[in-house]
Amino acid sequence: MRPVALTATTALRSQGRRGFSSTARRLDTYAFIGLGQMGYEMARNLQSKLSPTDTIRLYDINPSAAERLTNEMTTNHAGGAKPSIATSAAEAAHDATTILTCLPEPAHVLATYTSILSSPLPPLPVSRLLIDHSTIDPSTSRRVAALAAPADATFIDAPMSGGVIGAAAGTLTFMVGCPATAPLLAARLAPVLGKMGARVLPCGPQGAGLAAKLANNYLLAVQNVAVCEAMRLGVASGLDARVLAGVINSSTGRCWASEVNNPVPRVVEGAPAGRGYKGGFGIGLMRKDLALARVAAAEVGVGLVLGERVGEVYEEAEGREGGGDFSVVYKWLEGRDGGKGE
Ligand code: NAD
């Protein structure tokens, strides 16, 4: 799979068209719905890179999120699209040619797009592009795509990786349910995603971006538990945690969960383990993604032999530790073993 080249080519070409065209440029309206940890930063980056003649309508069920973001956009950034606050998702989306959502769960995504698509929509000069960044199950995503089609709207799943840091830096990777050869990808989708991220990975037809995201996060969920157990085993056997991590990271056990996000405090500088497991990728989100992966697997008749037990591990660890980065599983294991070897 080849990533789609973003900012350097696609976005510049699209800006060139805008800046130097002799015909008057269309005034675009965008809607961004769901301004939480990820959506807030993504909407901020998108707005700052849009033309001042564009408008971005912001909506979150929590009104203070849109107010805070609008204040930030108008106070801190001179340029960018004109922000406005909407009082519902349907109002935000009404005259928008591009609608983006970043919501917690499948039910939120379904309810939001149902409300948008069931209200009378005015005709627009171009068809509506709906981009969902939420991590949900592919079958709910396909349901929403089916709702969108009769309204001359194209619904694309574009879940992301890179976390809150990547969202703030505008370096996210998007896995999109859109064929690499689709004209829509280069013409409309990639220029929008390029304002919030660094890479676009076309994964196939609608729903394929989510299938890829859930497969990846299933692997990460399992890897993290295995790294936590391996580190516990080594430390309890008398090994220095840094020595053990050095061995794993230059041997066949090497993986992101060990090398970048090692769960033992102070093994990797900057990893959440070293700051009391604060920040990072929340254990609740990992539990959710694992549950979604299991739903997706059941729908295609695939048995995930580790899925159920690993899901229980995250549930028990979250209950006991009360949150934190998902590598907090290590602390939970330590507690269960009575801290042997520490
Ligand atoms: P979040 O809980 O911080 O934000 C969700 C936002 O949606 C909140 O502001 C909430 O008020 C709003 N919201 C809820 N229901 C709504 C509705 N009906 N209408 C409008 N707004 C509504 O979550 P997040 O961390 O920003 O994650 C959003 C999505 O991105 C999730 O699906 C998550 O799995 C995925 N994701 C998160 C990360 C991460 O590191 N946080 C990384 C990759 C993907």
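In this predicted model, the shell around the ligand is made up of 11 nonpolar, 8 polar and 3 charged residues. Of the 22 residues around the ligand, those that come nearest are Gln37, Met38, Asp60, Leu103 and Lys288. Both domain 1 (9–204) and domain 2 (212–336) contribute residues to this shell, and the ligand therefore lies between the two domains.

A backbone N or O atom of Met38 is placed 2.9 Å from an oxygen atom of the ligand. For Leu103, a polar backbone atom is likewise found 2.9 Å from an oxygen atom of the ligand, while a polar backbone atom of Thr135 is 3.0 Å from an oxygen atom of the ligand. The ligand taken alone exposes 840 Å², of which the protein buries 84%.

Helix α2, which spans residues 37–49, is mostly covered, with 10 of its 13 residues buried. The buried positions of α2 are Met38, Gly39, Tyr40, Glu41, Met42, Ala43, Arg44, Asn45, Leu46 and Gln47.

Because 4 of its 5 residues are buried, β2 is largely enclosed by the rest of the structure. Strand β1 (residues 29–33) runs parallel to β2, and the two are joined by 5 bridges. Within this pair, Tyr30 stands opposite Ile56 of β2.

A further set of strands forms an open sheet of 3 strands in the order β7-β8-β9, with mixed pairing. Its edge strands are β7 (160–161) and β9 (197–202), each of which pairs on one side only. In general, strands of a sheet pair through backbone hydrogen bonds, in either a parallel or an antiparallel sense. Here, the pairing between β7 and strand β8 (residues 172–176) is antiparallel and extends over 2 bridges. Ser161 has Thr173 of β8 as its bridge partner.

Technical notes
Residues are numbered from 1 along each chain as its sequence is written. This is a predicted model: local features need pLDDT of at least 70, side-chain atom pairs count only at pLDDT 80 or more; totals for chains, interfaces and linings use all residues. Side-chain values use heavy atoms; hydrogens and water are left out. Buried means under 20% relative accessible area, exposed over 50%, partly exposed in between (1.4 Å probe, protein chains only). A residue is near a molecule or strand if one of its heavy atoms lies within 4 Å of it. A polar contact is a pair of N or O atoms within 3.5 Å; within protein, one must be able to donate a hydrogen and the other to accept it, and residues adjacent in sequence count only if both atoms are side-chain atoms. Accessible areas come from the Shrake-Rupley method with a 1.4 Å probe; for residues, only the protein chains shown count as cover. Ala, Val, Leu, Ile, Met, Phe, Trp, Tyr, Cys and Pro count as nonpolar, Asp, Glu, Lys and Arg as charged, and the others, Gly among them, as polar. Domain bounds come from an automatic or database domain assignment. Two strands pair if DSSP finds at least two bridges between them.
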